[in-house]
Amino acid sequence: MNLRTIMVFPDFKNMEIIDNIRNQYDPLAKLVRPHITLVFPFKDQMSNEELAGILDVRLKFVQPFKIKLGGISKRVDTFGNYLFLNVLQGIDEIRSMNQILYENEFKKFNLGFHYIPHMTIGKLATAQLLQDAYHNVKFNMDSFSTIVHKVSVEMIGENQESVIIIEKHLY
């Protein structure tokens with residue numbers, strides 16, 4: 001039984017800016033593309049076919065939507081010290097998908113924290129390293145816009161690498 005995650009993988013024209021920051025500050029940068037997590041890593045007995053069927057039913061009314069990311073924030077919680085790229089547009093659609101999924105089949109995996117749509121661009125070992133990274137990037141950030149056309153399910157491999165196993169296109 002493998003760990004899986006449900007995500008949006010936006011494709012921005014200026015993605016190299018995000019990649020450069022993640023290469024500096026995110027230990028997962030070489031293992032998973034920049035993403036917005038909808039359902040955090042979970043482990044269960046559900047087949048990929050069952051999971052794809054759930055996405056078809058739960059997200060059937062979600063149409064492609066525009067997202068815009070920009071601005072940096074930081075977050076320290078029990079899971080680590082994070083640098084976030086903020087979602088400025090599309091936040092309602094992303095929050096809605098997260099809520100729909102966690103209210104239904106994924107309810108047992110809900111960790112109970114307040115969901116803030118974002119793209120993680122850094123995870124630092126200490127709060128001081130987070131503060132330093134924040135000061136290094138907070139003023140050097142462009143904005144990033146695209147249309148979200150699909151939701152993906154990844155399987156997290158043995159070495160934390162991302163393997164896309166399902167892509168649900170939005171219509």
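**Exercise 1.** Which residues is Tyr171 in contact with, leaving aside its neighbours within four places in sequence?

*Solution.* Before starting, note that this is a predicted model, in which local features need pLDDT of at least 70 and side-chain atom pairs count only at pLDDT 80 or more, while totals for chains, interfaces and linings use all residues. Residues are numbered from 1 along each chain as its sequence is written, and side-chain values use heavy atoms, with hydrogens and water left out.

Step 1: look for contacts, meaning heavy atoms within 4.5 Å; Tyr171 is in contact with Val62, Gln63 and Pro64.

Step 2: Tyr171 counts as exposed because its relative accessibility is 68%, where buried means under 20% relative accessible area, exposed over 50% and partly exposed in between, with a 1.4 Å probe and protein chains only.

**Exercise 2.** Find where Val148 lies, and decide whether Val148 is buried or exposed.

*Solution.* Step 1: Val148 belongs to strand β6, residues 144-148.

Step 1: the relative accessibility of Val148 is 4%, so Val148 counts as buried.

Step 2: not counting residues up to four places away in sequence, Val148 touches Val8, Pro64, Phe65, Ile67 and Leu170.

Step 3: Val148 and His169 are 21 residues apart along the chain, and their C-alpha atoms are separated by 9.2 Å.

**Exercise 3.** Describe the largest nonpolar core, and follow the contacts of Ile6.

*Solution.* Step 1: a nonpolar core is a set of buried Ala, Val, Leu, Ile, Met, Phe, Trp, Tyr and Cys residues joined through side-chain atoms within 4.5 Å.

Step 1: the largest such core has 46 residues, and those with the most contacts inside it are Ile6 and Phe106. Strand β2 (residues 36-43) supplies the largest share of this core, namely 5 residues.

Step 2: apart from residues up to four places away in sequence, the residues that Ile6 touches include Leu38, Leu51, Leu55 and Phe106.

**Exercise 4.** Why do the buried residues of α2 lie on the same side of this helix?

*Solution.* Step 1: in helix α2 (residues 48-58), Leu51, Ile54 and Leu55 are buried.

Step 1: they are on the same side of α2 because they cover an arc of only 95° around the axis, the arc being that of the directions from the helix axis to the C-beta atoms.

Step 2: the buried residues of α2 pack against β1 (3-8), β2, α3 (91-103), β7 (150-156) and β8 (162-169), whereas the face turned away from the buried side carries the exposed residues Glu49 and Val57.

**Exercise 5.** Repeat the analysis for helix α4 (residues 127-137).

*Solution.* Step 1: the buried residues of α4 are Leu130, Ala133, Tyr134 and Val137.

Step 1: since they cover an arc of only 105° around the axis, they lie on the same side of α4.

Step 2: the elements that cover these buried residues include α1 (15-25), β3, β4 and β5.

**Exercise 6.** State where Gln160 lies, and describe its phi angle and accessibility.

*Solution.* Step 1: Gln160 is in the loop between β7 and β8.

Step 1: although Gln160 is not a glycine, it has a positive phi of about 70°.

Step 2: with a relative accessible area of 43%, Gln160 is partly exposed.

Definitions and conventions. Helix = DSSP H or I, 4+ residues; strand = E, 2+ residues; numbered from the N terminus.
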